[in-house]
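Here's a quick briefing to read alongside the model.

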Amino acid sequence: MLLLTIESSCDETAVAVVRDGREILSNLIVSQIDIHARFGGVVPELASRQHLQAICPLVDASLEEAGVSLEQIEGIAVTRGPGLIGALLVGVSYAKALAFSLKIPLVGVHHIEGHILAIHLEQEVAFPYLALAVSGGHTHLFRVDGIGDYALLGRTIDDAAGEAFDKVAKMLGLSYPGGPIIDRLATKGDASCVRFPRPMLKKPNFDFSFSGMKTSVLTYIESLSGELTEQRVADISAAFQEAAIDVLLQKTMRAAQDQNLSRIVVAGGVACNSGLRREFQSAGASKQLDVYFPSPLLCSDNAAMLAVAADHYLQRGARSAADLNAVSNWPLVEAASHFSLSL
Ligand code: KG4
Ligand code: ZN
């Protein structure tokens, strides 16, 4: 099945053409980072406006790169939520109108479901597995028994990991989004300059908390006398990143053991982090667990990632109805239940 997929949940407009939920023919992304960077974070109204401007030319470009015409497209997938409501609405409205005019089926996909399943575009991973979804808006641990079959094991009780990276970067006077900058600076810093707390590690559950860790970084910065030199910024970046990775790693490894799962998939923008990738791979190797990371382009927001779930649902006859609406909050475990056909 040849699918056109559209993602507009945050600050990236993305359109892809994917065959059979596996073969990426095009996967284009228009980033709005430059527009939001000067405000230090995403401005929702600006995001919606940029999506509106980007979406039509991006669909044309994606079809052209894939070498297919609109008439060859057999189904459309769009991110239904969660995300910024105004941003989501641009993609959902566009996708509904296009599907209606072409008389082809439409399916609304959960953003995190897209992130988690992106790995199947590149590698064979057998179910069941443990999925750690770490992005700017999410830090969730799921047991994945199949497409559409998710059990939530734990989640952040406050900030998402990516949000913490971005906020710490802001405290250090770095640009937005801060995650990739902290990642780069951490390689030049000395993490032993300070030990930040590892919240929730003593709790026997799989929840996370990043708010306190972020406040400790602020308190530490305020306690420093003298200038925040480049070296100090690099050292704090390294120490914060080490603490964040430590918590993510330890909770994930514990959850894998608890659930008796030997495969771990790490997904979402923070899964681009080089330290995180290294630490997870090395812990996985020492515990005889297989750890899977999508390539960085498929970790951060993109549209191709929607195709794995969309192809699966559409092939089984599931359809989103014409009254499909965007939802800013939407638990993943309810994702499959909005279809007109129960799966
Ligand atoms: O998945 P994503 O592109 O969008 C959301 O769904 O949120 O994730 C974006 C988040 C941002 O917070 C960004 O700072 C973080 O992922 N991020 C990183 C890295 N690359 C992106 N965080 C740490 N290290 C990175 N290399
Ligand atoms: Zn995302």
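Across the interface of domain 1 and domain 2, the rule finds 0 salt bridges (a side-chain nitrogen of Lys or Arg within 4 Å of a carboxyl oxygen of Asp or Glu). This is a predicted model, so local features need pLDDT of at least 70 and side-chain atom pairs count only at pLDDT 80 or more, while totals for chains, interfaces and linings use all residues. Residues are numbered from 1 along each chain as written, chains are lettered from A and ligands numbered from 1 in written order, and side-chain values use heavy atoms, with hydrogens and water left out.

**Domain interface**
- Domain 1 covers 2-116 + 301-342 and domain 2 covers 124-293, with bounds from an automatic or database assignment.
- Their C-alpha centres sit 27 Å apart.
- The contact (heavy atoms within 4.5 Å) takes 18 residues from domain 1 and 20 residues from domain 2.
- About 1500 Å² is buried between the domains, 73% of that from carbon and sulfur atoms (accessible area, 1.4 Å probe, lost on putting the two parts together, summed over both).

- His111 is buried at 5% relative accessible area (buried is under 20%, exposed over 50%, partly exposed in between; 1.4 Å probe, protein chains only).
- His115 is buried too, at 1%.
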